[in-house]
Amino acid sequence: EALVARAPSTASYTRLALVDIARGRDDAAVTDFRSALRREEAGDRQSSAFARAMFGRFYQRRGRRALARDLYDEALRIIPDDPLALALRAELEASQGRCEAADDDYKKAIAQSQNPAWQLARAGVCDARGNAAEAQALRDSARAELERQSSGAAFGHRRDLARFLLDRGDRKS
């Protein structure tokens, strides 16, 4: 709130909306996301795309898929290869059984950002499409990257690695 008071920008309102979500204040989050979009500046494409991706994720997690898709598509009109918007749209596509579209978006997102969580998500899509060999290759690559990244202090990657190992039932690792 102090950041918004000092610098009422797309980025600051988006961050405030994310705090509202964490606090369970959905109505406030919607208001803040809308404020973020009203404060857009022509040269700040990254903040505009990020705000739409996060607003889309908000709606997707609340079952409002059409709104989510529209926001992801808008983010991708602003930055065509935005990896976050691509990965979130891929997640939406996969949840609706559109595995080919999900796979295409995950491929593009991974090409932009070698995010191991997205590799794991794409592996699930490959499994659903009957491509077990590619799914396993993605899991192996993601595991190696998660292990490499978790050797540092990044809690998120250690959590992702633990989740991966538990999902596989690989308790000896």
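Tutor: We'll start with the salt bridge: a side-chain nitrogen of Lys or Arg within 4 Å of a carboxyl oxygen of Asp or Glu. A search of the whole structure turns up 15 salt bridges. Before we go on, this is a predicted model, where local features need pLDDT of at least 70, side-chain atom pairs count only at pLDDT 80 or more, and totals for chains, interfaces and linings use all residues. Residues are numbered from 1 along each chain as its sequence is written, and side-chain values use heavy atoms, with hydrogens and water left out.

Student: What makes arginine 62 and aspartate 26 a salt bridge?
Tutor: Their closest N and O atoms are 2.8 Å apart, and the limit is 4 Å, so the pair qualifies. This pair links distant parts of the chain: arginine 62 sits in the loop between helix 4 (45-60) and helix 5 (65-78), while aspartate 26 is in helix 3, 36 residues apart.

Student: How do you know what counts as a helix here?
Tutor: Helices (H or I, at least four residues) and strands (E, at least two) are DSSP runs, numbered from the N terminus. On that basis the chain has 10 helices and zero strands.

Student: Why is arginine 62 called partly exposed?
Tutor: Buried means under 20% relative accessible area, exposed over 50%, and partly exposed in between (1.4 Å probe, protein chains only). Arginine 62 has 35%, so it's partly exposed.

Student: Which helices hold arginine 69 and glutamate 93?
Tutor: First, the bridge: arginine 69 and glutamate 93 have their closest N and O atoms 2.6 Å apart. Arginine 69 lies in helix 5 and glutamate 93 in helix 6, so the pair ties together parts that are 24 residues apart in sequence. Both residues are buried.

Student: Why is arginine 89 called buried?
Tutor: Its relative accessible area is 18%, below the cut-off for buried, so arginine 89 gets that label. Arginine 89 lies in helix 6 (residues 83-95).

Student: What does the side chain of arginine 89 meet in a salt bridge?
Tutor: Aspartate 73, at 2.8 Å from N to O. That pair links distant parts too, with aspartate 73 in helix 5 and arginine 89 in helix 6, 16 residues apart. Aspartate 73 has a relative accessible area of 22%, so the label is partly exposed.

Student: What makes arginine 89 and aspartate 105 a polar contact?
Tutor: A polar contact is a pair of N or O atoms within 3.5 Å; within protein, one must be able to donate a hydrogen and the other to accept it, and residues adjacent in sequence count only if both atoms are side-chain atoms. The side chains of arginine 89 and aspartate 105 are joined at 2.7 Å, so the distance is inside the limit.

Student: Which residues are linked in a network of salt bridges?
Tutor: Asp103, Lys107, Arg122, Arg129 and Glu134.

Student: Why is arginine 38 called exposed?
Tutor: Arginine 38 has a relative accessible area of 62%, above the cut-off for exposed, so the label holds. You'll find arginine 38 in helix 3 (residues 26-38).
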